Amino acid sequence: MMRSFTKKSVGTLTLGEKLKKLRSERRMSLGEASRQTMIQAKYLEYLEEGVYAKLPVDVYVRGFLRSYAEFLGVEEKVLLRMYDKEIGIRKNLDERQGVKKEKKEAISVSSFVFTPKMLAVSLAFLLVFGGFFYLYNEIGSFASTPRLVILSPDKNYVTDGNSVTVEGVTDRDAKLFLNGAPILVSDDGKFREGVTVQSGTNVISIRAVNKFNKEATETLNVQSNLQDSQSAENSTEPAAQSGDDVSGISNQKGLEMEVRVDPGPIWVSAEVDGNLVFSGTMLTGAIQAFKADSKIVLNSGKGNATFVKFNGKDIGALSGNAGAVRGVTFTADTKY
């Protein structure tokens, strides 16, 4: 009695099938694999389909396999061994069948693969480069003076008033001084400061100092044609007679005040009837005048150098101290 045998095929993956399986496991298309490995998609397809005749010369194919192995995370020796085996089999078959081997042209390809190791190296390079760039900037800042650009007023400015607005731009980390007094600089390096001047020629010096103590200076000449109000009043107002009441102003309508600084510059602000009407720097001898219905509040950066005339009466300095004074209030009931 004859026994029948069932033939069983033992499946062994070819190189192309193995490559396709590994790529599929990574859920990646041929296009994506091509972008990652810098190997043309058509050559990856030829490898997976086993169309070796359309591949370039052998040295490039081996380069492809090494790069693809690194990308897929497998041993390159395994893929190269499978490739050599399949190439040997096909060569023997072609020789038996008398197939003439076509000459293949060499091509220019890149075997570059962007791997995690290369990513780490790239990041390290960027950090080192960034460090050198930072040091270069710091050395440049140390060697150079700070930027200082005055946008207004002009260097030789003429006005009929008693105030100008100085504005410009400097380095955002620079310290700024107007005639020696500090003024504020915004986060983007811009500054704007109101300056009260006296009649005649006023010299305004703007100085910027960076963190390396490098300085830049700009000087402005401001000519004010405003007549000295104090002199005008002295020539027109009658002298106070004995018996005149100058200790209070309760019988007068409204409030009048003149503020003068000497020596300056000094930062001064004034609120009139609850509204801020002035905030800026006053130069030596400069005068600001205010009128109010019921209340004037003064702030000064230097009390003993800020002098006040209130409703025609010279009351002297705001304070006997050289420090800042704030919230000094004048009303109709104020007596000095």
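Which residue in S6 does Gly 168 stand opposite? Gly 168 stands opposite Phe 191. This is a predicted model. The briefing covers an open sheet of 7 strands and a set of salt bridges, 11 in count.

**The sheet as a whole**

- The strands of the open sheet follow the order S1-S3-S6-S11-S10-S13-S16, and their pairing is mixed.
- Strand S1 (148-152) and strand S16 (325-331) stand at the edges with a single partner strand each, so one side of each has no neighbour in the sheet.
- On average, neighbouring strands in this sheet are turned by 35 degrees against each other, with direction ignored.

**Strand pairs inside the sheet**

- Strand S3 (residues 163-170) pairs with strand S6 (residues 190-196) in the antiparallel sense, and 7 bridges are found along this pair.
- Strand S11 (residues 275-282) pairs in turn with strand S10 (residues 266-272), in the antiparallel sense and over 7 bridges.
- Trp 267 stands opposite Thr 281 in S11.

**A salt bridge within one helix**

- Glu 25 and Lys 21 form a salt bridge, and their closest N and O atoms are 2.5 Å apart.
- Both residues belong to helix H1 (residues 15-25), where a spacing of 4 residues separates them by about one helical turn.
- Lys 21 has a relative accessibility of 44%, so Lys 21 counts as partly exposed.

**A salt bridge between two helices**

- Arg 62 and Asp 84 meet through their side chains in a salt bridge, at 2.4 Å from N to O.
- Arg 62 lies in helix H4 (residues 58-72) and Asp 84 in helix H5 (residues 76-97), so this pair ties together parts that are 22 residues apart in sequence.
- Arg 62 is partly exposed, at a relative accessible area of 23%.
- Asp 84 is partly exposed as well, at 35% relative accessible area.

- Asp 262 is partly exposed, with 37% relative accessible area.
- Arg 260 is partly exposed, with 25% relative accessible area.

Notes. Residues numbered from 1 in each chain as written. Predicted model: local features only at pLDDT ≥ 70, side-chain atom pairs only at ≥ 80, totals over all residues. Heavy atoms only, no water. Pairing = 2+ DSSP bridges. Axes fitted to C-alpha atoms, helices over the stretch in contact; angles between N-to-C directions. Salt bridge = Lys/Arg side-chain N within 4 Å of Asp/Glu carboxyl O. Buried < 20%, exposed > 50% of the residue type's maximum accessible area, 1.4 Å probe, protein only.
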